Amino acid sequence: MKYLPLLWANLWRKKTRTIFTLLSVAIAFLLFGALGTIDDTFENPRTGLTGVDKLITTNKFSLTLLLPFSDVQQIATVPGVAVVTWITWFGAYYQESKNFVFALPIDTPTYFDLHKDEFVVSDAEMAAFRNTRAGVLVNSALMKKFGWHVGQKLPLHSTIWTQKSDGSLDWTFDIVGTFAVKDATQAGQQASTVLFHYELFDEGRSFGKGQVGWLEERVIDPSQSGQIAQQIDALFANSPNETKTQPAKDFAMSFVKQFGDVGFVLRAILGAVFFTLLFLTGNTMMQSVRERTPELAVLKTLGFSDAKVVGLVIGESLLLCLLAAAVGLAASYTLIPVIRSVLQGVMTPPWLMPGGLGLAVLLALLVGTPPALRAMRLNVVDALMEKR
Amino acid sequence: MSETIVSLRNVVKHYTRGKQDVPVLDGLDLDIAKGEFVALMGPSGSGKTTLLNLIGGLDSPTSGELTVAGERLDRMSSGQLARWRAHHVGFVFQFYNLMPMLNAQRNVELPLLLTHLSASQRAANALAALTLVGIADRAKHKPSELSGGQAQRVAIARALVADAPLLVCDEPTGDLDRKSADEILHLLQILNREHGKTIVIVTHDPKAAEFGSRSLHMDKGALLDAGTLAA
């Protein structure tokens with residue numbers, strides 16, 4: 001700590017250069033924080049279907065291909081399956097396409113049975129939902145976001161489903177209540193969810209009647225999940241609608257992989273950024289040390305050993321990189337809510353801050369070592385002669 | 001007979017420049033007693049600064065025995081020499097060599113970073129050294145805000161602060177006007193006479209040499225004479 005004032009003073013010897021270097025490193029760590037968070041979201045998707053006892057059954061060939069509703073009855077007969085429910089992708093937005101709403105038509109009894117104890121809904125609002133054909137339950141965060149209130153009409157535009165009555169893509173619902181989720185890790189993903197009755201959807205749509213998007217099952221014994229999944233798929237083998245049943249987490253992974261290998265792209269971008277940064281910061285450090293050759297010689301003259309001089313240069317590099325990383329990572333934290341507004345389920349991964357600071361230390365060592373070695377090898381007499 | 005603080009016996013120093021071997025000091029013998037104020041004079045290239053660097057432990061002789069403050073510097077590694085310098089010698093340079101981004105007090109504190117003193121003790125000692133050289137009122141000023149004479153006083157305070165018994169000064173007045181130069185030389189004389197510091201200075205200035213108790217003349221790597229001057 002006693003060397004900190006010296007390190008700090010050295011760091012600000014050329015203010016403009018230091019500010020620009022700090023900015024470039026901070027921006028790199030801002031990208032690290034933001035892209036790392038997105039990458040983590042894609043690698044560890046939070047589907048709202050947590051728990052090892054949940055399975056998802058989709059069309060074997062594509063999530064966009066529907067399954068016949070009759071599959072529900074057959075799957076319910078598989079030993080070990082406790083509950084089966086069904087859902088279809090509604091693809092909705094509110095007023096403008098940027099206002100994505102995760103609207104799900106659900107079969108109320110089976111959906112809430114399968115997700116028992118996962119939602120917080122008042123009894124009165126649940127009763128109102130059950131008794132209102134066009135009723136919807138809206139996530140309280142979404143209510144707050146758009147300033148909605150219970151009792152109002154909710155117009156939603158579906159990008160897929162036209163209405164049988166007039167061919168319109170616009171559907172109107174009644175907000176009868178709100179819900180929250182108990183698991184805080186699911187709060188982000190559920191923040192845009194609107195639940196409405198499957199009957200309304202199925203009877204109102206102009207096509208696809210009697211078909212469902214995917215099925216969700218809860219199994220009695222999670223250790224039997226794999227075997228049960230095989231049994232379900234065996235039911236529909238060689239049929240026109242073969243199925244693929246997998247754990248909820250794997251389903252979520254395959255869902256996000258539809259966007260391509262996002263993780264690879266993000267990591268490639270970060271790799272390029274840090275590779276460039278290595279040269280930029282390394283060059284700055286080298287130049288800074290080169291300019292201070294006589295001063296380093298004076299320190300050695302005063303009795304600073306080679307090791308201490310190396311420590312000072314590395315220390316300066318650490319100070320620069322850690323300071324910039326802290327600024328960049330802090331800025332990335334402030335970006336998370338913005339990212340969350342366009343990408344559901346985004347949460348700051350717990351490894352972000354320690355990982356970022358670890359990366360900063362690694363960067364500091366990489367860029368600080370060459371100038372530190374140069375300073376260590378400095379011949380005091382020659383360096384002082386340069387000053388004369 | 002006063003105690004000897006610097007002793008050179010048949011000291012030879014050669015430098016290698018490319019493939020060329022350049023002899024600088026040629027079998028030098030010299031004794032400097034504790035409490036002396038020695039002025040080293042001679043033309044450029046005569047070996048004055050090389051001799052000063054050897055005495056200050058900045059460089060090692062090619063051969064010969066070099067004993068300073070009771071320790072054989074010719075046998076020390078560079079790491080040992082660094083530790084030795086921190087405790088036994090203070091340096092004053094022609095161009096002050098202060099850290100431009102640190103204020104006067106922080107500059108003086110630098111050698112104390114190598115001690116176990118607390119921050120407050122370091123600050124107090126630095127201020128005491130600045131007071132001794134008469135520049136405590138400029139403690140918070142950076143080198144760019146000081147005149148040449150003031151900057152050299154700060155450099156002398158830095159050389160004194162660790163209480164080294166030996167001060168080596170390379171052209172300490174070479175960058176100063178006559179008045180400032182005399183003030184610095186007077187200050188060095190006080191440090192020598194009243195505080196018992198042994199001082200070795202390299203100078204081209206005959207007037208500067210007059211402040212010393214002895215002047216040594218060098219030419220082509222050898223000492224020409226060693227006359228004792230009246231102070």
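A nonpolar core is a set of buried Ala, Val, Leu, Ile, Met, Phe, Trp, Tyr and Cys residues joined through C-beta atoms within 7 Å. In this predicted model, the largest such core has 110 residues. Those with the most contacts inside this core are A:F29, B:L40, B:A155, B:A157, B:V168 and B:V200. Helix α13 of chain A, spanning residues 306–342, gives the most to this core, contributing ten residues. As for the surroundings of B:A155, this residue touches B:V92, B:F93, B:Y96, B:N97 and B:L98, when residues up to four places away in sequence are left out of the count. In soluble globular proteins, nonpolar side chains tend to be buried together.

We turn next to the place where the chains meet. The contact draws 21 residues from chain A and 21 residues from chain B. On the side of chain A that touches chain B, at least two residues each come from α1 (4–11), α12 (293–302) and α15 (380–387). Of the elements of chain A, α12(A) gives the most to this side, with six residues. By class, the residues on the side of chain A that touches chain B comprise ten nonpolar, four polar and seven charged.

Helix packing comes next. Two packed helices are described by the angle between their axes and the distance between the axes. In chain A, helix α2 (residues 15–43) packs with helix α14 (residues 352–376) at an angle of about 140 degrees, and their axes are 11 Å apart. This angle makes α2(A) oblique to α14(A), and their crossing is right-handed. From α2(A), the residues A:F29, A:F32, A:G33, A:G36 and A:T37 meet A:L352, A:G356, A:L359 and A:A360 of α14(A). This contact has five nonpolar, four polar and no charged residues.

The axes of helix α5 (residues 148–160) and helix α6 (residues 178–195) of chain B come within 9 Å and cross at roughly 20 degrees. The two helices, α5(B) and α6(B), are therefore roughly parallel to each other, and their crossing is right-handed. Here B:G148, B:G149, B:Q152, B:R153, B:I156 and B:L160 in α5(B) meet B:S180, B:E183, B:I184, B:L187 and B:L191 in α6(B). The residues of this contact divide into five nonpolar, four polar and two charged.

Terms used:
Residues are numbered from 1 along each chain as its sequence is written. Chains are lettered from A and ligands numbered from 1 in the order in which they are written. This is a predicted model: local features need pLDDT of at least 70, side-chain atom pairs count only at pLDDT 80 or more; totals for chains, interfaces and linings use all residues. Two residues are in contact if their C-beta atoms, placed from the backbone, lie within 7 Å. Helices (H or I, at least four residues) and strands (E, at least two) are DSSP runs, numbered from the N terminus. Ala, Val, Leu, Ile, Met, Phe, Trp, Tyr, Cys and Pro count as nonpolar, Asp, Glu, Lys and Arg as charged, and the others, Gly among them, as polar. Axes are lines fitted to C-alpha atoms, for helices over the stretch in contact, and angles run from 0 to 180 degrees between N-to-C directions. Angles under 35 degrees count as roughly parallel, over 145 as roughly antiparallel, 65 to 115 as roughly perpendicular and the rest as oblique. A crossing is left-handed if the near helix is turned anticlockwise from the far one by less than a right angle, and right-handed if clockwise. A residue is buried if 20 or more other C-beta atoms lie within 10 Å of its own, exposed if 12 or fewer, and partly exposed in between; C-beta atoms are placed from the backbone.
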